Amino acid sequence: MHAFHALCHQALADIRAQGRYRSFTPLGRNAERFPVYEWEQDGRKRDVTVWSANDYLGMGIAEVTMEAACAAARSHGVGAGGTRNIAGTSPLHDALEAELADLHGKEAALLFTSGYVSNDAALTTILGSLPGWEVFSDAKNHASMIAGMRHSPAKRHIFRHNDLDHLEDLLRAAPAAAPKLIAFESVYSMDADIAPIGAIAALARKYGAMTYLDEVHAVGLYGPQGGGVAERDGVAGEIDIIEGTLAKGFGTHGGYITGRAEVIDFIRSTAAGFIFTTSLPPVIAAAALASIRYVRAHPERRAKLFERAETLKRRFDEAGIPRLPSVSHIVPVEIGDAARCKAVSRRLLDEFGIYVTPINYPTVPRGTERLRFTPGPFHTDAMMDDLIAALRAVLAIGTSQAA
């Protein structure tokens with residue numbers, strides 16, 4: 001056996017022994033019945049209610065989104081045919097970027113093939129542009145942001161999660177003349193908390209730093225038009241670069257950045273993650289454009305999402321289900337052990353037809369394993385009744401033993 005093959009074998013054995021081996025669950029989404037999916041096992045199909053999808057508003061199954069995709073496929077075909085430099089840029093790409101820039105109140109936007117790629121490519125490019133960059137990163141930033149920083153020569157400082165005093169200590173100690181960037185998120189999807197964006201922006205001004213804000217779990221959901229927490233808090237204009245995704249609140253696919261025109265043009269002209277990657281298919285661009293325009297004009301869909309989230313939090317509390325604190329639309333339930341977390345998730349699926357993803361290391365630190373619930377506009381009271389009854393049974397709420 002080659003040494004690498006032996007390494008793969010041992011590493012997978014270790015992951016299994018720790019109870020954090022990840023298996024795909026074959027779930028087929030039914031556009032007419034969302035969030036009910038079809039689970040096929042041993043040749044049999046069964047209905048499953050999904051509680052952990054990131055299509056927060058259900059825009060992936062909205063009629064306006066699907067019709068826009070179908071019309072674009074008939075007009076433009078399915079694929080993009082290459083990068084935008086090689087195959088040309090579609091009018092749909094241009095229109096989508098203009099819409100995104102307007103959504104965030106910025107001069108320009110740039111599309112990427114995913115939110116991961118947008119963070120990695122943009123941060124690597126920015127932090128490699130000048131000598132001596134110092135980047136200040138929240139301790140709970142997403143892996144894609146960490147990758148972008150690590151792929152650059154910048155000196156990285158990690159500040160304690162949402163800790164303004166620690167951030168200021170690090171900024172104060174950095175060389176005054178060095179170019180600086182603070183990179184952070186708005187909604188932290190595993191902890192369900194929200195960054196103090198305005199206060200971080202104030203520190204950035206004080207110490208001459210730029211700001212890079214990841215709004216992937218907030219765009220479409222927060223703010224009067226779905227522009228994210230920065231829009232909700234009235235501080236979008238204080239942030240230099242706002243990054244987001246089309247794959248969560250807007251229900252389609254792709255990532256993007258927004259900011260000053262010359263900054264976006266510089267990244268467009270130099271970022272390998274943009275230049276050398278086939279662009280988003282026009283069919284996806286059309287669906288995303290329709291979705292954004294709809295979401296901006298229909299705040300009632302956001303209102304329903306938050307009503308459902310607050311209702312689930314209240315119902316969990318009343319039932320004694322040990323959820324983590326949440327000031328966002330995400331509702332985590334603490335389990336605290338990888339093997340048990342996986343077992344609880346599996347029992348919910350096998351015995352009750354309920355799917356919720358177990359969140360284990362390395363997504364969260366060991367000992368903080370959890371189930372992550374994302375209630376949406378289409379989760380009914382009856383679905384909540386079923387979920388709570390199932391969780392009480394599996395977690396043995398009120399008895400002495402749990403799964």
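Helices here are DSSP runs of H or I with at least four residues and strands are runs of E with at least two, both numbered from the N terminus. By that rule, K313 is found in helix α13 (residues 299-319). The model is predicted, so local features need pLDDT of at least 70 and side-chain atom pairs count only at pLDDT 80 or more, while totals for chains, interfaces and linings use all residues. Residues are numbered from 1 along each chain as its sequence is written, and side-chain values use heavy atoms, with hydrogens and water left out.

**Residue K313**
- K313 is buried, at a relative accessible area of 4%, where buried means under 20%, exposed over 50% and partly exposed in between (1.4 Å probe, protein chains only).
- Apart from neighbours within four places in sequence, K313 is in contact (heavy atoms within 4.5 Å) with R323, S326, V327, S328, I330 and V331.

**Nonpolar cores**
- A nonpolar core is a set of buried Ala, Val, Leu, Ile, Met, Phe, Trp, Tyr and Cys residues joined through side-chain atoms within 4.5 Å.
- The largest such core has 55 residues, and those with the most contacts inside it are L96, I182, F184, I197 and L246.
- Helix α12 (residues 282-297) gives this core its largest share, six residues.
- A second, separate core of 24 residues includes V36, L312, V331 and I335.

**The sheet**
- β4 runs antiparallel to strand β12 (residues 255-259), joined to it by five bridges, and the partner of F112 in β12 is G255.

Note on methods
Two strands pair if DSSP finds at least two bridges between them.
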